[in-house]
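Reader: Hi! Could you walk me through this one? I have a few quick questions.

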Amino acid sequence: MMEPEYSLFGMSRGIQVTVETLFAAAVLIYMAFSCQRRMATVRGSMSYYDDYDTSPMPVWRIVTDFLNPLKITFPTCVIILGIALVGIDAIFIDRGMMTLFICLVAFFLFLKSLALLQEIKIKTGKIENTKIMMYPAYSEMRNVTAAYISSDEADPFMIINPVWIRVDIYSSHEVYLRTLGRFSIPQRYIYAIEAYMAEVSNGGHWQFFANSTGIVWRDALDGLKAIGADDYAAMLQSACDKMGDALSFDRSKRCGVLYDPRRDSDEKDFVDFKEEDDMYMSLPELGDKELAYIRAHVDDFLFSALPGE
């Protein structure tokens, strides 16, 4: 094979090698950085808005989405362009760059394979606490102790953290109940109340019933009564009544009634929860009532993670 006859813009051999090496190093660094950002983004983006109807996602769908050329990201385009430039240089200008070009291609394929494996593990729920869920896990609350519950720093949300990261509200009601089996009724009540308030605070009662979180409606109602939050219980009961007989633990059935033809016209409109939403904004916060209930049932809220959790 003939030796290349060209130099890079008439540069001397030493300068040319330096420029080529620096460019390849820049591509390598950008490649590693973008891959790390990609995996962090995948972890951070998993929420109840993403693919809630296919949680966990099938592997074939994850792979086809990952390899779909129409979904190629800008950083990947930049990396491919950079590697292509190094390849052109190695083939037509400086054969000494061929080894570096091959290394860049191999490293690129390695990082992409690593990113794909990470997505598969996350989106199929194989990594602990990364299955599609609404709230993050707090490592400092791996265990819930009586000392923490009685402390000034006690927070109902943190006390219920073990439930957040272990209960499945995205499948059927049977799965929801099965994943709650490890927890006490008081834990279940506070969990449902926190989930209910989080949704209503963000998007009102319509959002609560429309999202997967709506599966907790009965537990939230019973929980509000249990902690003595009668105004909240009456408000949620009113919202449930507006859902009518179609109120269900099944999300698709709830959504079917949330956007339903009006009885007196051919128009369509959302179920109106304005009265309940306005009432929610006017009621005092529930934190004190929740903590009082928790401290009256301390033993029911103690939690020790199992080995490997």
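Predicted model: local features only at pLDDT ≥ 70, side-chain atom pairs only at ≥ 80, totals over all residues.

Reader: Thanks! Is Cys240 buried or exposed?

Author: Cys240 is buried, at a relative accessible area of 4%. Cys103 is partly exposed, at 45%. Buried means under 20% relative accessible area, exposed means over 50%, and partly exposed is in between, using a 1.4 Å probe and protein chains only.

Reader: Switching to charges, how many salt bridges does a search of the whole structure find?

Author: The search finds three. To count, a side-chain nitrogen of Lys or Arg has to be within 4 Å of a carboxyl oxygen of Asp or Glu.

Reader: Which residue does Arg188 form a salt bridge with?

Author: Its partner is Asp219, and their closest N and O atoms are 2.9 Å apart. Arg188 sits in helix α9 and Asp219 in helix α10 (residues 217–226), so this pair ties together parts that are 31 residues apart in sequence. Asp219 counts as buried, at 7% relative accessibility. Helices here are DSSP runs of H or I with at least four residues, numbered from the N terminus.

Reader: Nice. And what does Glu276 meet in a salt bridge?

Author: The side chain of Lys242, at 3.1 Å from N to O. Glu276 belongs to helix α13 (residues 274–282) and Lys242 to helix α11 (residues 230–243), so here the parts tied together are 34 residues apart in sequence. Glu276 is buried at 2% relative accessibility, while Lys242 is partly exposed at 34%.

Reader: What about Asp278, which residue is its salt-bridge partner?

Author: Asp278 pairs with Lys274, with 2.7 Å between the closest N and O atoms. The two are four residues apart in helix α13, about one helical turn. Asp278 is partly exposed, with a relative accessible area of 41%.

Reader: Back to α10 then. Which of its residues are buried?

Author: Trp217, Asp219, Ala220, Leu221, Gly223 and Leu224. These buried residues pack against α8 (173–180), α9 and α11. After α10 comes Gly228, which has a positive phi near 85°.

Reader: Now helix packing: at what angle do α9 and α12 pack?

Author: At about 140°, with the axes of α9 (residues 185–210) and α12 (residues 251–258) 8 Å apart. That makes α9 oblique to α12: angles under 35 degrees count as roughly parallel, over 145 as roughly antiparallel, 65 to 115 as roughly perpendicular, and the rest as oblique. The axes are lines fitted to C-alpha atoms over the stretch in contact, and angles run from 0 to 180 degrees between N-to-C directions.

Reader: Which residues make that contact?

Author: From α9 they are Trp206, Phe209 and Ala210, and from α12 they are Arg251, Arg254, Cys255 and Leu258. Contact means heavy atoms within 4.5 Å.

Reader: Last one: what is Asp89 in contact with, leaving aside neighbours within four places in sequence?

Author: Glu20, Asp94 and Met97. Asp89 lies in helix α3 (residues 74–92) and is buried, with a relative accessible area of 8%.

Methods
Residues numbered from 1 in each chain as written. Heavy atoms only, no water.
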